[in-house]
Structure formats: structure tokens, C-alpha cells
Amino acid sequence: MQARNPFLPACLAIILAALSHPAAYGKAEHLLPVPKNIAVTEGATCFKLGRPIALRCDSSCLVLDQFIKKFSRGKGRRGAMISVRFVDDIEGSREKPLAGYQREAYSLRVSADTVEILALNLVSLTRAAQTLWQLSEGWESGEEVLEPVSITDWPAFPVRGFMHDCGRSYIDTREILHEIDLLSRFKVNTFHFHLTENQAWRMQIIAYPKLTAAETMARDSGRFYTQDECTNIERYARAREITVIPEIDMPGHSEAFERAMGHAMQTEEGKTELKRILAEVAAAFPLAPYIHIGADEQQITDPTFLPEMAETVRRLGRKVVVWNPIRGVDIAAQDFCDMTQMWSTAGKFVPGKPNIDCRYNYINHFDCFADLVGIYKSNIYYQQAATDEAVGTITAVWNDRPMPSQSDILRQNNFYACVLASAERAWKGGGEEYIEKGGVTLPPEGSDVFKEFADWERRFLFHKGHSLAGEPIPYVKQTNVRWLITDAFPNGGQADIILPPDTLGPQPYFVLGADTFRTRQATGAAVYLRHTWGGIVPAFFSDPQIGSTAYAWTFVYSPREQTAGALVEFQNYSRSEADPAPFPSQWDRKGSRLWLNEEELFPPEWLGDPSGASREQPLLNENFSARKPLEVRLRKGWNKVFLKLPYVPAPGVRLNKWMFTFVLTDPEGRNALEGITYNPAPSLPDFAE
């Protein structure tokens, strides 16, 4: 039976998909992810909160119950009503089913005294309730209301998740629950719980207590999750309609297992023990439709290993997830898994099976700004919406390098911005090009891609100041930051060679010998001249050559003399690399330099060791997100920012990226500096245009 949506035809609507007149629709403009169909009834009365509100619903929904508890206040006649009706279908919705996941489409209409919700099940009702929570946020006058809106919404992809590598770096249960609570508000629906690593085995196994003995752990010794904690995390997540996928990685990343048990996984003893372990995992996660058995980055030498482990999981009534690719195994040629999780450029669709795209969602390699642009504007493995083989994405945090605190893990990986950018892309679908084609450069202002990203940024920063206030979020507004960048000059391998831009200043072009070097505009707080993954992911230059120097500049207009903060970075230190710190008084190991109003600005004292590092040495203040912003003094009027960017070998650095980050903030670095203008050529109006 199909239930017609009675709401949309009745309202005088402004369709918000174009997002062209934000003042016209108030707080609906802040919804994240943006709904598929949303309209505001102009001139209609808002639904006032803070009065007695009745709930008519045949089932209990935690998120909706919490909403009522907060906003239904006072005594007397209940003149307001939230009414829920369960239906077989939501007219107009188009969802791709996935085993283990329920449909999420919903419809709601808000009028003066009534909120009417059409839901398919408790999951879709929860999604509607999460939308109500967002609509209740941020009314500056203090008045608590819901706008008169009509919404019909559904996800383009059924999997929109995040992963924590708790095997390497333990994250306490309270923090995990906190993140589940926050991320569920934005319709994130999957938590991939990576529980085992070389550094430590983090899940209590009653049959084998040696696995979680402190002496078997190489990091965060003695820290692990009891089975009761695992069950409570899953129960907490399910109440917010987040599915937990626990992972026991086998046979890869299993040094902690070997230290505890005295033998490898790919032995008869190891297989016997893993089968008992999987039974305890299934018991501790009774609601999990999938169990992830990893299988990556270790040569499979026993051809019976993965089929036996998969059969064990299936006998326990669960489905099997594996990483993709697996060394020594053609996943497509065997039927030992029910879903794959693609990683690295080698991960490819396995025909006939659902595949999760994690190929470029390892945010431990991300910088704070440009990579976020890349992953937001990208589609999901060349698909505009889910197919039988493309089911979504999971944002993964791998902590090969330890960090001083849990807060540092979130801040240095730009966790909330990355997860929510990726999750919105999976909810709304679309994306112009896959990141392997579209790259990480923000297109010019005025393009559709720019407008779409700028709108996401506006909405994310609203939530950073409201429901995410106080969270360790280094991201600030960047869509107003504009640069001119020269072509790359040959430097003969000399980072300090003097070239025409050093002496001539900003010009539309430069001449060196018989060659002309032009300039191009770029937008954003960070620009990759060459991406971390080289020719695989496009960046500003299509084929940069070692032995080059580029220059970048902008001018910043300040209405008054003031002290500001500057977020500065010339190499983003991946949280997975053992790269040494820069040399003293150097921004990076390439010799990059920075001037403000002709005065050179120098980096802080580096806390890391410039002579070398290991993956067990903490990553300290190498990234801007782990240190205070650079204090700078702006004069009233125009201020010149000038960068010299040599591209020469960087001793000790494995990933050969070429990039820069610069954006002005308040002195604390929390928000972008307000009231200023970036213009790369204010004295050359024709050139700037």
C-alpha cells in the first residue's frame, strides 16, 4: 500500500534545494544534511515550543521522547500535538535496500499547533525526530519555535559511517557514546568499531584473558573494553539508530594476538581460538548484523583460513565484512564475504556484492581544509546514488602515531568536519566527479560546486557554534580566502634561490629568460600544489616537478589595526607517518617561507625530534591544529601576505606532498577573523577580475 503525502500540496512553498535566498527560510537553512525536498510555508505561524505538547505515537522512540521531554513544559490544556503515523511507503522516496539496514525515508509537516510525521519504522521516525531537533536550534532571540516546514527526505546511500582505530589508540567508552550521540543528530548511521591491532587487543575475551593483559599491549597498556561495555555501546547506538560493526582483524595486524597466544592466527591453534573469539564477539554485540573480520595487509598463506572464519560468522547468524583488497586472495572468485570495504587505490568493486567506499576517506592523511573540499565535492565511487554494488562510505581514523589526548585525535584529524561532510554527501548523493578526477581544489566562486560547498560550510559552522560547541574542531571558514599562485619556476634544486617574484612583487606574469610564468587564482585556506597521493588525486599543478619554486600571495583588508591569529602550515603531518619534525626556525623541510607586510614570520619551537621519528613517538605540535595560532598584527587597510614555496627533496619525509595553509582567525584560533576581505590583487583590478 502506498500512502500519499498530504502535506506538500497544501503549503505555499519556497523550494529550498537551490538555497538561493537564505533569509527567506530562517532556521530550515541550517539543516545538515540538507533534505531532499523541503519547503517553508510563507506567512504561516511557527510551532511554539515550551508549552504543553501531546505525543500521539504507537511506538516509543528515544530521540522523539527526549525532544518532548525538553520542549513540552507547563500545565493546562494541551493545545499542541506531535502526531506520528506509520505507513508502508513515503511518496516520492527512492531508497536502495541493504541487508541489515532498515529504510530511513520520512515525511513531516510543521504547522502552528501540529507536527505531523509519516514514518516507515522506528529508524525513519528517528530520522524525522533528528530533523526536529535541528529545527529547534539557534533562535538568537531565545524564542523556541519550529518553522512551518514540509519535508520529504531519504538517503541516497544506506551506509554513512565513521570508524575509530581503538586497537592502536584506546578511546574511552564515555567519549565513544558522546560521539555517537552527536553524530546521530546528523543522520550518521554506522559506527565501525576497530577493536584489534598490532599495538593492542582491546576487547575482553573471557576464554582468553591473556589477550587484554597489560603486558601484551604496546600502547595504552591495560586499556580495553569489557563485554558489558561493548553491549552498552551497541545498545546506546541502536537507540539512536546507529548500527555498530565490530571488527576483529584477522590475520592482519595481529601482533598483539601473537604476543598473547604464542602463535599466529593462520595456524590450527589460531583458527580454533578465533572461532571461540567470534562467538564471544557475537554475544557481546547481539544487535550487529555484520561482523568485520578485516583480512588486509597480511599475505593469506592458508587458503582455508578466510572461508572457515566466514563460515563461523555466518553460523552465528551474522554477515561477513572484509577489507578489499586482500593480499593473495581474489575476493570476487570466492563467496566468503557478504560486503567489502574498499581501501587504497587498489580497492575495486566486487561484482554482485555491496561495497563500502573508504578508498580516500582515511582522514589520518587529510589536511584540515583542502582534503575536506575534495571529499565533499566527490561522488561515492563514481555513483550519484546507491546501487547494488555501491552502498555508502565510512570515514576512518587510523592512529599509527600516538597523540597526547583523545581530543588531539579528533582535532588533528578534523574529525567532525570530515565525518559530516562525507555523511552529507552520502545522504544527498550527487557529487560532480570522483576525487580521482575532480581532485581537492575548490573551484572559483560562482561555480555550482563552489556554491554547494560554501553552503555546506555555512551550515557546518552554524552547528559548530551550537550543537557542536565546545568540540575540538579546527575548521574555520575558508571560502572567502583567495590567492594568486604563480607557475612553478625552475630552481635548480636550490630552495633559497632568488627568482623574479622575490623582487618584483605581485604581477600578472613574470619573464625569466625566454620563458613566461603566469599566475592563476585559487580559493581556500589550504592549497595542494601536489597532493599526498601524487598523480592519482589532482591538485593545483597537473604535473609538478621536483626542483621548482612557486609563489602565492593575497592582500587582506582590515577595517582597523588589530591582533589576530593565523593558522599556518606548509606540510600537513599525516597521523600515520613517522616523519621527523621540521628543523628549528623552518616551517617545513623544503624551506617554505612566509611574510606579512614584508616582515618574515617564523614558526614556533618544534616539540618533535627533527633527527627522526618512529610511529610510537607522539605527534606533537607539527600540525597547526595541535598548537596555538601564530599571533600576527594587522594594520588598518591592506596587508600583504606573501609565500615562497620551494619543491625540493624533504629529507626523512615519505609522502611527497607540496602545499600551504594560511587563514586569519580570532586570537584563540576558534573562528575565522570577521570583517576582513581577502583580495589577491587589489591594486590590479583588471587582473584580479
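Modeller: The largest cavity is lined by Asp-357, Tyr-360, Asn-361, Ile-375, Ser-378, Asn-379, Ile-380, Thr-393, Ser-422, Arg-425, Tyr-434 and Ile-435. Keep in mind that this is a predicted model: local features need pLDDT of at least 70 and side-chain atom pairs pLDDT 80 or more, while totals for chains, interfaces and linings use all residues. Residues are numbered from 1 along each chain as its sequence is written, and side-chain values use heavy atoms, with hydrogens and water left out.

On a 1 Å grid over the protein atoms alone, a cavity is a set of points where a 1.4 Å probe fits but cannot get out; a pocket is an open set with protein on both sides within 12 Å along at least five of seven lines, and lining residues have an atom within 4 Å of a point. Volume is the space filled by probe spheres set on the points, which are joined across faces, edges and corners.

The whole structure has 7 cavities of 30 Å³ or more.

Next comes the second largest cavity, at about 60 Å³. Around it sit Ala-370, Val-373, Val-440, Thr-441, Leu-442, Gln-478, Thr-523, Gly-524, Ala-526, Val-527 and Tyr-528. Two elements give two or more residues to this lining: helix H8 (370–377) and strand E21 (526–530). (Helices, H or I with at least four residues, and strands, E with at least two, are DSSP runs numbered from the N terminus.) E21 gives the most, with 3 residues. The lining of the second largest cavity has 7 nonpolar, 4 polar and no charged residues.

E21 leads us to a sheet. This open sheet of 4 strands runs E21-E28-E23-E26, with antiparallel pairing (strands pair if DSSP finds at least two bridges between them). E21 and strand E26 (630–634) each have a single partner strand at the edges, so one side of each is left without a neighbour in the sheet. On average, neighbouring strands here are turned by 25° against each other, direction ignored. Further in, strand E23 (residues 562–569) and strand E28 (residues 658–665) run antiparallel and are joined by 5 bridges; Ala-566 has Leu-664 in E28 as its bridge partner.

Now for space that is open. The largest pocket holds about 610 Å³. Of the 28 residues lining this pocket, Glu-297, Trp-343, Tyr-362, His-365 and Asp-400 lie nearest its centre. The pocket lining counts 9 nonpolar, 9 polar and 10 charged residues.

Stay with Glu-297 for a moment. Most residues other than glycine have a negative phi, and most peptide bonds are trans. Glu-297, though not a glycine, has a positive phi of about 55°, and this residue sits in the loop between strand E12 (290–292) and helix H7 (305–315). Pro-325 is found in the loop between strand E13 (319–324) and strand E14 (339–342). Leu-32 and Pro-33 are also joined by a cis peptide bond, omega about 5°, and Pro-33 lies in the segment before E1.

E1 brings us to another sheet. It is open, has 6 strands in the order E1-E8-E5-E6-E4-E3, and its pairing is mixed. Strand E1 (37–40) and E3 are the edge strands, each pairing on one side only. From one strand to the next, the twist averages 5°. Strand E3 (residues 53–56) and strand E4 (residues 80–86) run parallel, with 4 bridges between them, and Ala-54 stands opposite Met-81 in E4. Another 6 bridges join E4 to strand E6 (residues 114–119), also in parallel, with Arg-85 partnering Leu-118 in E6. By contrast, strand E5 (residues 106–110) pairs with E6 in the antiparallel sense over 5 bridges; there, Leu-108 stands opposite Ile-117 in E6.

Key. Nonpolar A, V, L, I, M, F, W, Y, C, P; charged D, E, K, R; others polar. Axes fitted to C-alpha atoms, helices over the stretch in contact; angles between N-to-C directions.
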